[in-house]
Amino acid sequence: MITSALPDAHSKTDKTNETKKAASVDESITAWALAARGGDADAVEQFVGALHRDVQRYVAHLCGDPQAVDDLAQDTFLRALGSLHRFEGRSSARAWLLSIARRAVVDSYRYAAARPRLSDVPDWQLAVELAQPCDLPGFDDGIALLDLLAALPDERREAFILTQLVGLPYAEAAEVSDCPIGTVRSRVARARATLVDLLDEAEPAAPAGV
């Protein structure tokens, strides 16, 4: 049986608890970033380890070359560690780092555009598949999350991934995407509506008489 639930089927209490837990995690990550800025080697390791998968998942969504995901993630962290002296904790370290990841991908596009390319076969789906866990809730029973996301316009897909998969609050997703928070909310709502429609279309018709 195909499940049509999206990853927001929680009770109000569950959502509150998850929000508090996410906030606590972000506070810890931001604290590690600030400690790393002061030269704490252990904090550097904690900071990188806590956000490595999020960075990979995000650059995989943005870039068109699955072979470049690891290099872009490494570039992101090198840039971030080189810029830690300017990080003051005014936003979460997660949002700050994903903003750097976005710039790293944009710079890679600019560099690629200035060089001849042997091929042009964008395959962000494969990159995301390699970078993200396979057990995302609500997308099971043969329904591939990647196939559903591929149907979304780029901006809506980015907003959905940042808020629903990476787990950024809407305000921080807006900061990363460089757009108003209302725009992010609209994009996520439209993305979710499209995904629901696609899931409904994939649901097999009930046998006659049932």
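Biologist: What percentage of the 210 residues of the chain count as buried?

Modeller: 39% count as buried. Buried means under 20% relative accessible area, with a 1.4 Å probe and protein chains only. This is a predicted model: local features need pLDDT of at least 70, side-chain atom pairs count only at pLDDT 80 or more, and totals for chains, interfaces and linings use all residues. Residues are numbered from 1 along each chain as its sequence is written, and side-chain values use heavy atoms, leaving out hydrogens and water.

Biologist: How many helices and strands does the secondary structure come to?

Modeller: Helices are DSSP runs of H or I, at least four residues; strands are runs of E, at least two; numbering starts at the N terminus. Here there are nine helices and zero strands.

Biologist: At what angle do α2 and α7 pack?

Modeller: Axes are lines fitted to C-alpha atoms over the stretch in contact, and angles run from 0 to 180 degrees between N-to-C directions. Helix α2 (residues 41-62) and helix α7 (residues 154-165) pack at about 170°, with axes 10 Å apart. The pair is therefore roughly antiparallel, a term for angles over 145 degrees.

Biologist: Which residues of α2 and α7 meet?

Modeller: Contact means heavy atoms within 4.5 Å. From α2 come Arg57, Tyr58, His61 and Leu62. They meet Asp154, Arg157, Glu158, Ile161, Leu162 and Leu165 of α7. The contact has five nonpolar, one polar and four charged residues. Nonpolar covers Ala, Val, Leu, Ile, Met, Phe, Trp, Tyr, Cys and Pro; charged covers Asp, Glu, Lys and Arg; the others, Gly among them, are polar.

Biologist: Which residues of α8 are buried?

Modeller: In α8 (residues 170-177), they are Glu172, Ala173, Ala174, Val176 and Ser177. Asp178 follows α8, with a positive phi near 60°.

Note on methods:
Angles under 35 degrees count as roughly parallel, over 145 as roughly antiparallel, 65 to 115 as roughly perpendicular and the rest as oblique. Buried means under 20% relative accessible area, exposed over 50%, partly exposed in between (1.4 Å probe, protein chains only).
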